[in-house]
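Please view the sequence and the model together while reading.

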Amino acid sequence: MTHGQFPYIRGRRLRASAAIREMVAEHNLKPADFIAPVFVMEGKGKKVEIPSMPDYYRYTLDLLMDEIRELKEVGIRSVLVFAKVPDELKDNKGTEALNPDGLMQRAVRAIKDEFPQMLVMTDIAMDPYSSYGHDGIVEDGEILNDESVEVLSKMAVSHAKAGADMVAPSDMMDGRIGAMRKALDQEGFEHTGIMAYSAKYASSYYGPFRDALDSAPGFGDKKTYQMDPANVREAIKEAKLDEQEGADIVMVKPGLPYMDVIRAVKENIGVPVSVYNVSGEYAMLKAAAEKGWLNEEEAMMEALVGFKRAGADLIATYFAKVASKILNNKK
Ligand code: PBG
């Protein structure tokens, strides 16, 4: 493949200018790929920066509306809502999670009223409502499965009633997708979708998120329900089960340490795959950038396109707004 000492196949021809690089790019990001997580809290006129997530805020509902307007203006089509529940409303059964006038339900109604085109997804898990900070009901130090699934299914129906377009169960109890699908259908919410956190790992990268919602487990860890980081076949098994049980989208979480899992799930599953670029991944990049050790924008865009290359169709990320602005300015 040479004439004399020179190659005649030269990969560098396709890297020679911005024009040719963009023309042959195998993957492209767009704002509609992003799902923007939003944190809502009780009160009025306040926003609080999350200490371990610089530039990311928890908003009272009135200010959250301004934030969502901004997300919409940069082209983001979907938000994933998390509510911070006051301590006095937490118990072992997640009672407040089913309150039709709870913060989550009010937030969903308010967002859908003002921004009907915005696709609203809600987190389904008991930890923000649990006095133990676990994703299910606790009995004798154990996390009960089937009893928790009943509460989670009711929670899904309650969010659907408030107007959620999709529910996003992040709890990792067995059988919850089928149970939730059935409960939604029985209540007439056959058009409400389910984005299942199918391969959710017991990860240390959720730390900053637990600061945001004050939802760290009060005892033990989540290893009896979230997955072991050593496993990938198990991720395929979980995603297949969720697909069979009726999940519309399956998710892998966290993102960066699990790129191979995204690829494996993508190749074995027929429904769209999303990835959650979690709080610890955000914090890691922000901290390195703050120290001047990484170029924040470049490292961020590289990670985000990496998710698409790995096989993700959708990306839940705290960088959604910033990355969308960069993508819009490139045009
Ligand atoms: C709740 C939930 C968690 C996250 C999303 N939903 C925390 C956990 O499972 O402990 C983490 C998101 C992030 O770290 O960005 N079940």
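Which residues are around the ligand?

## Ligand surroundings

The residues around the ligand are Asp123, Ala125, Asp127, Asp135, Ser170, Asp171, Tyr206, Phe209, Arg210, Val278 and Ser279; a residue is near a molecule if its C-beta atom, placed from the backbone, lies within 6 Å of it. This shell divides into four nonpolar, two polar and five charged residues, where Ala, Val, Leu, Ile, Met, Phe, Trp, Tyr, Cys and Pro count as nonpolar, Asp, Glu, Lys and Arg as charged, and the others, Gly among them, as polar.

## Basis of the model

The model is predicted: local features need pLDDT of at least 70, side-chain atom pairs count only at pLDDT 80 or more, and totals for chains, interfaces and linings use all residues. Residues are numbered from 1 along each chain as its sequence is written.

## Strand E3

Strands (E, at least two residues) are DSSP runs, numbered from the N terminus. Strand E3 (residues 34–41) is largely enclosed by the rest of the structure because eight of its eight residues are buried, that is, 20 or more other C-beta atoms lie within 10 Å of their own, with C-beta atoms placed from the backbone.

In a regular strand, side chains alternate between the two faces of the sheet. One side of E3 carries Phe34, Ala36, Val38 and Val40, the other Ile35, Pro37, Phe39 and Met41, and both faces are covered.

## Partners of E3

Two strands pair if DSSP finds at least two bridges between them. E3 pairs in the parallel sense with strand E6 (residues 78–83) over six bridges, and Ile35 has Ser78 as its bridge partner there. Two bridges join E3 to the parallel strand E14 (residues 314–317), where Ala316 is the bridge partner of Ile35.

Definitions and conventions
Buried ≥ 20, exposed ≤ 12 C-beta atoms within 10 Å, placed from the backbone. Helix = DSSP H or I, 4+ residues; strand = E, 2+ residues; numbered from the N terminus.
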